[in-house]
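Let's take a walk through a protein and the molecule it holds. Keep the picture open while you read.

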Amino acid sequence: MINPFSLANKNILVTGASSGIGKQIAISTAAMGASVHITARDTNRLDNTLKQLGDGHHRHYLADLTIGEELDALTDSLPNLDGLVLSAGIVKTLPFKFVNHTELDTIMQTNFFSPIVLLNKLLRKKKLNKNCSVVFISSIGGNFIGAKGNSMYSASKGAINAMQKVIALELAPQKIRVNNVSPGMVRTAMLENTTAFSQEQIENDEKNYPLGYGEVTDVANAVIYLLADASKWVTGTSLLIDGGFTIQ
Amino acid sequence: MNIETFVQAFAEQFDEVPAVSFTPKTLFKENDEWSSMTALSVIAMVDENYGVRLTGDDVRKSSTVEDIYNIVLSKTNA
Ligand SMILES: NC(=O)c1ccc[n+]([C@@H]2O[C@H](COP(=O)([O-])OP(=O)(O)OC[C@H]3O[C@@H](n4cnc5c(N)ncnc54)[C@H](OP(=O)(O)O)[C@@H]3O)[C@@H](O)[C@H]2O)c1
């Protein structure tokens, strides 16, 4: 039987590939046979990911996705793509009362504008092949739940899911599919950077997850499904993966 | 930075407990209003007013307003 989850002969771009979920997506998609193109800002960490991809036509590209010229340069140097995974993202915990324009702008730039503008530029340059699959790494935050202190992050992820529905419709005639994975809490550098919560608070939060916190491979495996031809009839959807957190 | 203005800014994060009742020695977790939300507000206030990144663990290990003040002070000089 042909493996419906194979990514052989696909060129796939993964953003945020120097760390956490994006890094694992790069490793897992390479293992499924894809030629993986990885991007992030930190040279050393990105090199490290590249080394873990094994044999194949893998390449890396340094870019700050919030800078227009760097997005243009990235778009120009990429080959035509069969898959695009938008995992670059940041978080900042602030009670709504402390939210201000600058902080909100910073989060929206990275989490909302940069993936949307990158997708837009790739389309304009006709870099997305027919049957291409686009996967945003969204979140349960802003889409399925709210968590105190997380209003800016929630807004950025809610905006992704909202916009994706329309993009999916508009690109359907080209058989380009646009979906997102909405994970619950996964242990990555992002959680370590969320210093506003104590270790004790995080341990208590994990107890609210029937299956505990997730692992990066849990998200990467969901992304493989959405990138592969196995999901060729799936577009405009949010794949909720949260260890049962939101069924309660 | 001085402790009087710090205590004042700290007290402002509470809506029910009167600001005048706060002193450096106040055991700030021992009132009904203390919650994960006030903790986040204190961290955000310290970031906004003093440019210092207080952690959830810093708050957890502190009991008095002065304890927090001393952590902020040590991080300012760091
Ligand atoms: N961890 C979770 O619990 C969780 C849950 C739900 C959703 N998510 C989402 O999953 C995605 C990945 O998160 P993670 O946990 O893997 O975080 P992470 O380990 O902190 O990785 C974030 C990645 O984004 C890149 N990045 C950030 N700003 C960038 C910029 N301006 N330009 C280019 N790259 C940038 C970073 O690379 P450089 O620093 O090298 O540029 C890094 O590779 C995010 O969108 C996040 O919102 C995470």
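This is a predicted model: local features need pLDDT of at least 70, side-chain atom pairs count only at pLDDT 80 or more; totals for chains, interfaces and linings use all residues.

A:Asp64 has a polar side-chain atom 3.0 Å from a nitrogen atom of the ligand. With A:Ser87, look at the backbone instead: an N or O atom there sits 3.0 Å from a ligand oxygen. So how much of the ligand does the protein bury? On its own the ligand would expose 890 Å², and the protein buries 94% of that.

Now zoom out to the whole shell. There are 30 residues around the ligand, and those that come nearest are A:Ser19, A:Ile21, A:Arg41, A:Tyr153 and A:Thr188. Sort the shell by class and you get 13 nonpolar, 12 polar and 5 charged residues. Among the elements of chain A, α1 (20-31), α5 and α6 (189-193) each give at least two residues to this shell.

Rolling a probe the size of a water molecule over the atoms shows where some is left. Searching the whole structure turns up 1 cavity of 30 Å³ or more, and the largest cavity holds about 50 Å³ of space. Its lining includes A:Ser87, along with A:Leu86, A:Phe136 and A:Lys157. In chain A, α4 (101-124), β5 (128-137) and α5 (151-171) are the elements giving two or more residues to that lining. By class, the lining has 6 nonpolar, 2 polar and 1 charged residues.

Key. Residues are numbered from 1 along each chain as its sequence is written. Chains are lettered from A and ligands numbered from 1 in the order in which they are written. Side-chain values use heavy atoms; hydrogens and water are left out. On a 1 Å grid over the protein atoms alone, a cavity is a set of points where a 1.4 Å probe fits but cannot get out, and a pocket is an open set with protein on both sides within 12 Å along at least five of seven lines; lining residues have an atom within 4 Å of a point. Grid points are joined across faces, edges and corners, and a volume is the space filled by probe spheres set on the points. Helices (H or I, at least four residues) and strands (E, at least two) are DSSP runs, numbered from the N terminus. Ala, Val, Leu, Ile, Met, Phe, Trp, Tyr, Cys and Pro count as nonpolar, Asp, Glu, Lys and Arg as charged, and the others, Gly among them, as polar. A residue is near a molecule or strand if one of its heavy atoms lies within 4 Å of it. A polar contact is a pair of N or O atoms within 3.5 Å; within protein, one must be able to donate a hydrogen and the other to accept it, and residues adjacent in sequence count only if both atoms are side-chain atoms. Accessible areas come from the Shrake-Rupley method with a 1.4 Å probe; for residues, only the protein chains shown count as cover.
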